[in-house]
Structures are given as C-alpha cells and as structure tokens.
Amino acid sequence: MNFSIAFITTEEILGGGETNLLLVGAEFKEKGINTLIIAPNLLYKLGIERGLNMYKLDSYNKYWLSGLDLIPNDKYVQKLTKILDKYDFVHAYNSNALTLAKFTKAKLIYTCHGPWEISNSRKAKKIVKYTDRIITVSKIVQKSLFKLKIKAEIIPLGYEPKLSAKNFNLKVSRSFINGNKLNILCLARFQPIKGQLILIFSLIFLLLKRNDLRKKISIVFAGKAYENKDYIYFILTKFMSKILKILGAKVEFLGYVKNISNLFQDTDIVVIPSRYESFSMVCLESLYFGKPIIFPTNTACGEILNKKIYGESFINGSIKSLCNAIEKTFKNNLFGSPGQLRNRSLKYNISNQVKKMIYLYNNIN
C-alpha cells in the first residue's frame, strides 16, 4: 500500500460523487496514504475545512477543441501535469477532468458516475485510449458503458454517517401504519431529473382521489438549486405546491440542510422521485436512519433496495405509478425494522469502497 494518489474533478456543485470524494480523501489520509485532491472552489474550500491536502482548480479555464482534444502545450495544463506526475496514480472523478490529466505519466483511473459523462462513441474511444482502468458506481451505469464498448468495473460509492447521527433515536416513526398521517421527506438538489415536480403532481392526484387522506400528508423538500436553469425549476415546483396546500397537505421548503439527521427524526418515509439515479446517497442515508423509501425501479436505487422490506417501488417518471406507491404505504405493515434498514446501509460504508479502490490500484499493470 506504499503509493501516492491525486484525485481530480471539475465539478462545481456538491452532489453525491463530490461528497464521496471528500470521504475517500479523508479515509486515505487516515491510512497514511499520500493523497491530493484537485477541485474547483466549493469542493476545495470544504476539503480545506476538513484538513485534506487540496489544490484549487481554475474552473474558468476551458481546454476543449472537440471531444477530448486538449491542447498539450497549454501553460495551465503543463502546470497541472507537473503536479500530477509526482503521484503514482491519478484518479479522475468525472470525464471532464480527464482532459486535464491525460498527459500525466502516472497511471490514470477514471470513475464514471453516469452515462451523461460520455455523450458519444468518439469520446468513449478517447477515454479508453487514455485511461489505465475505468470504474463505475452501479450496474445500470456499467450497462450504459457496455453499449459504448467500454469495459468498466463496479465499485459502489461509500457513505459515512454524520457524527450527529450517533445521537439519532433509531425508532419506528410510522404513524401512517394506523392511517393517521404520512410525513414525507424528499432530499435532493433541485433539477428536473430529480423529479420533485413528479412528486408534487402525484400527491395532487392522490389527494383528489382520496379525500380521506387530506390533512394527513406532510412533505418536506430539502435541497437547493445550484444553477439558474434549475432555479426556474425550483420556482415552478414551489408554485405547484400551492395546490397541495389548498388540498390540505403541509409543504415545507428548507433549502440546503447541513445536519440531515434532524430531517429524518420526524420522517415516516423518504421519496426519491428521480427520473434517473446512477447511484443514490439518499438511499444510503435514509436506510441508515431506519427509514423506508419509495424509489424509481429502473435506477441504481433498485440495486441497493433489493428487498421489499426496504421500501416501495414505482416506474420512473410515472405520476400514476408514484401516486399508487404512496397510497400503498398507508396499507404496508411489512417494511423492515429500523435496525434491518440500517444494516443494509452499512454494506456501503466508505471503508469498503476504499479497500476495493486500493486493491484495484495495486493490481494495475
């Protein structure tokens, strides 16, 4: 395990993959491995706060001609290459980062977090050419890469509960079993692919269909919009939620929440209304806090929630299907105990992920 590694990402938002990268960096540091994380401003600041070895990426520089044709004599690229060459391995945490790392002498690894990172076969061929090993985070992403003739290994992302979770009261808080009320949590940044509007419409149809459920449903949206186009989506979601309020539901928008354990304390069930999930940190967080989940079937959520005791499934993007799934929860007494749900989440801990990564690094020729 005597090696050094530099991670690099160009992502400027804080999603599951970016949060995971900081956890990986912290785990490597704890193991005494020489580790550097190269990242733009937001991730850079968070890494510094956590005492990690960070290098700030100039996110305003663009180096694209077409696909992955990066200008090799660009001064900034040369500067980064000199830094990367000091390490045994360079691990790109998104495809755009490969354009900055492709000239390094180090072994180059790439983790694909979703099919949107590789948009065409030309880009796929170049990624295969310049990388020594490709990793992906779930079977559903692996299948999308196979279509582009990319062979990738699966190493699921790891999760580490917040320290505040140690004081979390792990108990059943499922008042909906008795038909009294249903406290729903939707935890996701605001983007159309995350499906908050699908959830709003599903609840509207449910309350129009079932008058007896009015004033029994409470929903909390936690998360923010990071880009202007997503802020428009957020405004639209908030506007449509007024109909829910008219129908008797309680709706709250909390924005970004740092201490997520507080969110789960009064939650009965977590709804993930996404059209697509290549992985799902929210799944792991919800399981850790002992909460069942309503999740989209044709996503990586189904790989994590592979038994009925973990939750109720619905068809991606289907308002009717999600409406029916929420209605079913009022009748479902078969969800697992909070302890069973938490045990499932522990399979995906950060230590397991790092062990698999180290094994991979040590076996790259």
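Buried means under 20% relative accessible area, exposed over 50%, and partly exposed in between, with a 1.4 Å probe and protein chains only. This is a predicted model, in which local features need pLDDT of at least 70 and side-chain atom pairs count only at pLDDT 80 or more, while totals for chains, interfaces and linings use all residues. Residues are numbered from 1 along each chain as its sequence is written, and side-chain values use heavy atoms, with hydrogens and water left out.

**Stop 1: salt bridges**

Select K308 and E312. They form a salt bridge, with the closest N and O atoms 2.9 Å apart; the term means a side-chain nitrogen of Lys or Arg within 4 Å of a carboxyl oxygen of Asp or Glu. K308 counts as exposed because its relative accessible area is 51%. E312 has 4% relative accessibility and therefore counts as buried.

Elsewhere, salt bridges that share partners join K209, R210, D212 and E327 into one network. Select R210 and D212 within that network. The closest N and O atoms of their salt bridge are 2.8 Å apart. D212 counts as partly exposed because its relative accessibility is 41%.

How many salt bridges does a search of the whole structure find? The search finds seven.

Now select K194 and E277, whose side chains meet in a salt bridge at 3.0 Å, N to O. This pair links distant parts of the chain, 83 residues apart. K194 is in the loop between β8 (182–187) and α7 (196–209), and E277 is in the loop between β11 (269–271) and α10 (281–288). Helices (H or I, at least four residues) and strands (E, at least two) are DSSP runs, numbered from the N terminus. Are K194 and E277 buried or exposed? Both K194 and E277 are buried.

**Stop 2: helix α10**

Select α10, residues 281–288. Eight of the eight residues of α10 are buried, so the helix is largely enclosed by the rest of the structure. Those buried residues are M281, V282, C283, L284, E285, S286, L287 and Y288. Continue past the helix to G290, which follows α10 and has a positive phi near 75 degrees.

**Stop 3**

Move to α6, residues 139–146. I140, V141, Q142, S144 and L145 are buried in this helix. What do the buried residues of α6 pack against? They pack against β5 (107–112), β6 (133–136), β7 (153–154) and α11 (301–304), where contact means heavy atoms within 4.5 Å.

K143 also lies in α6, but K143 counts as exposed because its relative accessible area is 56%. Select K143 together with K139, K147, K347 and K356: these five gather in a patch of positive charge on the surface. Patches are made of residues with over 30% relative accessible area and no salt bridge; like charges are joined within 9 Å, and nonpolar side chains (Val, Leu, Ile, Met, Phe, Trp, Tyr) within 5 Å.

**Stop 4: two loop lysines**

Select K149, in the loop between α6 and β7. Its phi is near 65 degrees, a positive value in a residue other than glycine. K149 counts as exposed because its relative accessible area is 77%.

End at K215, in the loop between α7 and β9 (217–222). K215 has a positive phi near 70 degrees and is a residue other than glycine. Its relative accessibility is 73%, so K215 counts as exposed.

Conventions
Accessible areas come from the Shrake-Rupley method with a 1.4 Å probe; for residues, only the protein chains shown count as cover. Lys and Arg count as positive and Asp and Glu as negative; His and the chain ends are not counted. The place of a charge is taken as NZ of Lys, CZ of Arg, CG of Asp or CD of Glu.
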